[in-house]
Amino acid sequence: MKATVDSDSCRGHGVCLTLCPEVFELTDDGYAEVIVSDVPAELEDAVRSAADGCPERAITIG
Ligand code: SF4
């Protein structure tokens with residue numbers, strides 16, 4: 001699984017960081033970025049929760 005954050009849509013709420021800090025990080029600009037190129041299998045559920053929980057629908061998984 002790969003995850004991406006649309007930086008144009010992200011508003012920096014931080015829901016994703018709370019749900020899966022192993023994959024998402026806030027940049028100095030206050031927006032989320034993905035810090036792993038391939039999401040490990042054991043974190044896939046947490047990444048799906050983050051994508052579902054993102055108020056801006058800024059996270060794409062595939
Ligand atoms: S939950 Fe969505 S809007 Fe909030 S920081 Fe994460 S990607 Fe950005």
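Start by selecting Val 5, which sits in strand S1 (residues 3-5); strands here are DSSP runs of E with at least two residues, helices are runs of H or I with at least four, and both are numbered from the N terminus. You are looking at a predicted model, where local features need pLDDT of at least 70, side-chain atom pairs count only at pLDDT 80 or more, and totals for chains, interfaces and linings use all residues. Residues are numbered from 1 along each chain as its sequence is written, and side-chain values use heavy atoms, with hydrogens and water left out.

**Stop 1: around Val 5.** Not counting residues up to four places away in sequence, Val 5 touches Cys 10, Phe 24, Ala 32, Val 34, Ala 58 and Ile 59. Now draw a C-alpha to C-alpha distance from Val 5 to Val 34: the two are 29 residues apart in sequence and 6.8 Å apart in space.

**Stop 2: the whole chain.** Zoom out and switch to a cartoon. The C-alpha atoms fill a box of roughly 30 × 20 × 20 Å along the principal axes. For 62 residues, a compact globule would have a radius of gyration near 11 Å, and the chain agrees with its 10 Å; this radius is taken over C-alpha atoms, and the rule is 2.2 Å times the number of residues to the power 0.38. Among contacts with a separation of 6 or more, 52% join residues 24 or more positions apart.

Stop 3: Next, select Ala 32 in strand S3 (residues 32-34). Is Ala 32 buried or exposed? Ala 32 counts as buried because its relative accessibility is 10%; buried means under 20% relative accessible area, exposed over 50%, and partly exposed in between, with a 1.4 Å probe and protein chains only. Leaving out residues up to four places away in sequence, Ala 32 touches Val 5, Cys 10, Cys 16, Leu 17, Glu 25 and Leu 26.

Step back to Tyr 31, in the loop between strand S2 (24-26) and S3. Tyr 31 has 36% relative accessibility, so it counts as partly exposed.

**Stop 4: the nonpolar core.** Select Cys 16, Val 23, Phe 24, Val 39, Val 47 and Ile 59, the residues with the most contacts inside the largest nonpolar core, which has 16 residues. Such a core is a set of buried Ala, Val, Leu, Ile, Met, Phe, Trp, Tyr and Cys residues joined through side-chain atoms within 4.5 Å. Helix H1 (15-19) and helix H2 (44-53) are the elements that give two or more residues to this core, and H2 gives the most, with three.

Now center on Ile 59. Beyond its neighbours within four places in sequence, Ile 59 is in contact with Thr 4, Val 5, Cys 16, Phe 24, Ala 50, Ala 51 and Cys 54.

**Stop 5: Arg 57.** Finish in the loop between H2 and strand S4 (59-61), where Arg 57 is placed. Arg 57 counts as exposed because its relative accessibility is 57%. Check its backbone too: phi of Arg 57 is near 55 degrees, a positive value in a residue other than glycine.

Definitions and conventions: Contact = heavy atoms within 4.5 Å.
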